[in-house]
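Reader: Could you walk me through reading a helix and a sheet in a model like this one?

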Amino acid sequence: MHEMSIAMAVVEQVAQASPEEAGRVESVVLQVGELAGVVPDSLHFCFGLACAGTVLEGAELVAETVPGQARCTACGTGWAVGMPPELTCPGCGDGAGTELVAGRELQIRSVRWADRPAYADQEG
Amino acid sequence: MCRVIDLQQAVLARNEDAARELRAALTARGTVAVNLLSSPGSGKTALLEAELVLAGQRGIPAAALTADLATENDALRLARSGAPVKQVLTDGLCHLEAAMLARHLDGWLPDDTRLLFVENVGNLVCPASYDLGESLRVALASVTEGEDKPLKYPTAFGLAHLVVVTKADLADAVGFDEKSFLANIERVNPGVEVVFTSARTGEGVGQLLDRACAVLDGGAVHRPVMGVPAAGHHHGPPQTAGHGHSHEGGHLHSHGHAHGAPAELPLDAS
């Protein structure tokens, strides 16, 4: 279950990208390709744990699934590869010209921060 | 009030940077790394032992690093070949990461090593997502595991540069449907080469070594469809050896940070 490592990498990168004056992270939008080898449910669970004690504590993870799409450079056919993926062209039956257009994404798309640190009041 | 920033960062960017750095450092010193992925019990240690013995007979300096959650059994088996072997205990972690591998190689990998075989943790899910700086990624499956293994673990088989079938001597006994297996491989990784081996009978032993030597000699490596980066981002294992920037002095230490702190048991075969 490498989703914990993935979640920790997300937390680390978001924390690093946080502007100094920013407060808590409210949400993180993640693009997860169908062929990225990551289970969204497991990632949600791990994300909650990985956020504990960081500026991401309580942040929401929004995982956008990106369907796998391929294209045949030989005959021009485009298709949804499905799962398990069909990477042989359904048009010409050959796999030599297959190009994966989408589906391997594992990308932090955007982050939403609250403007003011939540603990600012306590610090006076 | 809040602010939204478009980050557009690959989650595994840090590992990919560490992998690129390690590959460049290995290339600079003339070493090719081979990443071996399979389920537990597929027979990769037995095959690797046979390949290491052969490498020794052919005078090709080869070394092996083997990763497991626990025990040094694999390193003890591999060390019988006479090759330098190192056991890495991941202490529960299900996969190796590039920075972790770089740390284990630093100060251990003998200078004259031409081929470094990395036996990843026995697991077809997690290791598939981590580029280790290898120039040849190999997915192994034994005939006893069933013909649909490539469909159940499409990322592992879909990103392989070479597929090795093990325990081929048992194919008849377990009714292995070779045609169906090959069709399933073709479906997730069109054009990838599949070789059949049996460490017990010796069938096909040496093919893995030959393919690794071909990469060492600068030969082209298969380009998996799934390995092609989507939208200009770098994903999956590299397509060719030796690209990327070179690293000062060929030093193997990587600056990446890996999670967990695996214990290690250096086992220099003598």
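Predicted model: local features only at pLDDT ≥ 70, side-chain atom pairs only at ≥ 80, totals over all residues.

Reader: Let's start with the helix. What span does α2(A) reach from its first C-alpha to its last?

Author: Helix α2 of chain A, residues 40-51, reaches 16 Å, close to the 16 Å expected at 1.5 Å a residue for its 12 residues.

Reader: Which residues of α2(A) are buried?

Author: Start with the general idea: an α-helix has 3.6 residues a turn, so residues three or four places apart point the same way. Here, the buried residues are Leu43(A), Cys46(A), Phe47(A), Ala50(A) and Cys51(A). Down the axis of α2(A), these buried residues fall within an arc of 130°, so they line one face of the helix. Asp41(A) and Leu49(A), on the other side of α2(A), are exposed.

Reader: And what covers the buried residues of α2(A)?

Author: The cover includes α1 (3-17) and β2 (60-66) of chain A. Do look just past the helix too: Gly53(A) has a positive phi of about 75° there.

Reader: Now the sheet. In what order do its three strands come?

Author: Again, the general idea: strands of a sheet pair through backbone hydrogen bonds, either parallel or antiparallel. In chain A, the order is β4-β3-β5, in an open sheet with antiparallel pairing. The edge strands, β4 (78-80) and β5 (98-102) of chain A, each pair on one side only. From one strand to the next, the twist averages 30°.

Reader: How many bridges join β3(A) and β4(A)?

Author: Three bridges, in the antiparallel sense, pair β3 (residues 69-72) of chain A with β4(A). To find your place, look for Arg71(A), which stands opposite Gly78(A) in β4(A).

Note on methods. Residues numbered from 1 in each chain as written. Chains lettered and ligands numbered in written order. Helix = DSSP H or I, 4+ residues; strand = E, 2+ residues; numbered from the N terminus. Expected span 1.5 Å × (residues − 1). Buried ≥ 20, exposed ≤ 12 C-beta atoms within 10 Å, placed from the backbone. Arc of directions from axis to C-beta. Contact = placed C-beta atoms within 7 Å. Pairing = 2+ DSSP bridges. Axes fitted to C-alpha atoms, helices over the stretch in contact; angles between N-to-C directions.
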